[in-house]
Every structure is written in C-alpha cells, then in structure tokens.
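Here is a walk through one protein model. Start with the whole chain, then move to the sheet, and end at a single residue.

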Amino acid sequence: MITSIVLIKTSTDRIPEIAEQIAAIESVSEVYSVTGAHDLIAMVRVARHDDLADVIPGHISKVPGVLSTETHIAFRTYSQHDLEAAFAIGLDA
C-alpha cells in the first residue's frame, strides 16, 4: 500500500464543501482542515504508484475550489498502534 499526504490550497469560503467532496473520492482515507499555509490535508492510499496520478491530478485537483496541491509520498509508516503490536509479540495475556 502506498500512502501519500496531499497538502491542498482551496478557496477559503468553501473549505467544508471542498473537504467533503475530496473525502468522497475513492482512495482518499481522511481529509483534515488545518491551520497554516494549506487549507486541507488529504491522506491517499493506493495499491500502485501509478494510481496516484488517477487520484490526485485526476480527481482531487479537479474538485471546484481546489487551487493547488503538493504531494508527499510516505516511505515508511510509524504509529503508536504499530509500536504496541511490536512490543506485544510473544507476550501471553
């Protein structure tokens, strides 16, 4: 699974509507409204690298009100859940 973090600038008067439209796109797992230089952050998870082209420029960038996107592809994922599972290996309940 390939995970990408998409930073999105939008028309500020339509952030909630744009976020809902992006969240409805297949392969978009979450959309966050955030502070800072970008308005939204979308998490995109796809099976193949080539699928990112279908999702990001093919769908996200075409949502009315999306002004620009910046995509970051994750090399590796670390989470508290993963750490807890790793430390629990071999332990009996």
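The paragraphs below go from the overall fold to local detail.

This is a predicted model. The protein chain has three helices and four strands. Along the sequence, these elements follow the pattern β-α-β-β-α-β-α. The chain has 93 residues, and 29% of them count as buried. Its accessible surface comes to about 6300 Å². Carbon and sulfur atoms account for 56% of that area. Now take the contacts between residues at least 6 apart in sequence: 66% of them join residues at least 24 apart.

Turn to the sheet. In what order do its four strands lie? The order is S2-S3-S1-S4, the pairing is antiparallel, and the sheet is open. S2 and S4 are the edge strands, so defined because each pairs on one side only. S4 covers residues 66–73. On average, neighbouring strands of this sheet are turned by 20 degrees against each other, with direction ignored.

Helix H1, residues 15–23, packs on this sheet. H1 touches S1, S2, S3 and S4. The direction of H1 makes about 165 degrees with that of S2.

Next, look at the individual pairings. S1 spans residues 2–10 and runs antiparallel to S4. Seven bridges join S1 and S4. Thr 10 stands opposite Val 66 in S4. As a general point, side chains in a regular strand alternate between the two faces of the sheet.

S2 and S3 also run antiparallel, and five bridges join them. Ser 33 has Leu 40 in S3 as its bridge partner. Together S2 and S3 form a hairpin, with six residues between them. Gly 36 sits in the turn and has a positive phi of about 110 degrees.

The last stop is His 38. Where does His 38 lie? Its place is the loop between strand S2 (28–33) and strand S3 (40–46). Is His 38 buried or exposed? His 38 is buried, because its relative accessibility is 16% and the cut-off for buried is under 20%. Which residues does His 38 touch, leaving out those up to four places away in sequence? They are Leu 7, Ile 8, Lys 9 and Glu 70. Leu 7, Ile 8 and Lys 9 fall within the 2–10 range of S1. Glu 70 falls within the 66–73 range of S4.

Methods: Residues are numbered from 1 along each chain as its sequence is written. This is a predicted model: local features need pLDDT of at least 70, side-chain atom pairs count only at pLDDT 80 or more; totals for chains, interfaces and linings use all residues. Side-chain values use heavy atoms; hydrogens and water are left out. Helices (H or I, at least four residues) and strands (E, at least two) are DSSP runs, numbered from the N terminus. Buried means under 20% relative accessible area, exposed over 50%, partly exposed in between (1.4 Å probe, protein chains only). Contact means heavy atoms within 4.5 Å. Two strands pair if DSSP finds at least two bridges between them. Axes are lines fitted to C-alpha atoms, for helices over the stretch in contact, and angles run from 0 to 180 degrees between N-to-C directions. Accessible areas come from the Shrake-Rupley method with a 1.4 Å probe; for residues, only the protein chains shown count as cover.
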